[in-house]
Amino acid sequence: VGLPVVATRVSAIPELVEDGVTGILVEPENPAAMADAILRVLLHPGWFEKQKQKARIKVEEDFDNRRCIPKLHTLFKQALHRRPTERSLAAQG
């Protein structure tokens, strides 16, 4: 949505936000680090504008439905073809 991203390094967030490139990541449960990161965004709007542009490109390349859905479809088809059959399970004993 074109907003600055300051987030913590939890769950899958580091897969979405690349620290220093598409946003700023800080350690969880560290309010001082979060405050410092927010101040960096506020004090250096030009630098963060570049990060927003990179983040938009990443989202469009990695998470756009027109690209993700065909990839998921291919993965599901591959998984179905690799699924063990009753005969192969019986052979395994």
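This is a predicted model: local features need pLDDT of at least 70, side-chain atom pairs count only at pLDDT 80 or more; totals for chains, interfaces and linings use all residues.
User: Which pattern does the chain follow along the sequence?

Analyst: Helices (H or I, at least four residues) and strands (E, at least two) are DSSP runs, numbered from the N terminus. The chain has 5 helices and 2 strands, in the pattern β-α-β-α-α-α-α.

User: Which residues make up the largest nonpolar core?

Analyst: In soluble globular proteins, nonpolar side chains tend to be buried together. A nonpolar core is a set of buried Ala, Val, Leu, Ile, Met, Phe, Trp, Tyr and Cys residues joined through side-chain atoms within 4.5 Å. Buried means under 20% relative accessible area, exposed over 50%, and partly exposed in between (1.4 Å probe, protein chains only). The largest such core here has 6 residues: Ile24, Val26, Ala33, Ala37, Val41 and Phe48. Both β2 (24–26) and α2 (31–43) supply at least two residues of this core, and the largest share, 3 residues, comes from α2. Of the 93 residues of the chain, 18% count as buried.

User: Which residue forms a salt bridge with Asp19, and where do the two partners lie?

Analyst: Side chains of opposite charge can pair when their charged atoms come close. A salt bridge is a side-chain nitrogen of Lys or Arg within 4 Å of a carboxyl oxygen of Asp or Glu. Asp19 pairs in this way with Arg9, the closest N and O atoms being 3.0 Å apart. Asp19 lies in the loop between α1 (13–16) and β2, and Arg9 in the loop between β1 (6–8) and α1, so the pair ties together parts that are 10 residues apart in sequence. Asp19 is partly exposed at 38% relative accessible area, and Arg9 is partly exposed at 34%.

User: What separates Lys58 and Asp62 in helix α3?

Analyst: Lys58 and Asp62 form a salt bridge (3.1 Å, N to O). Being 4 residues apart in helix α3 (residues 45–62), they are separated by about one helical turn.

Methods. Residues are numbered from 1 along each chain as its sequence is written. Side-chain values use heavy atoms; hydrogens and water are left out.
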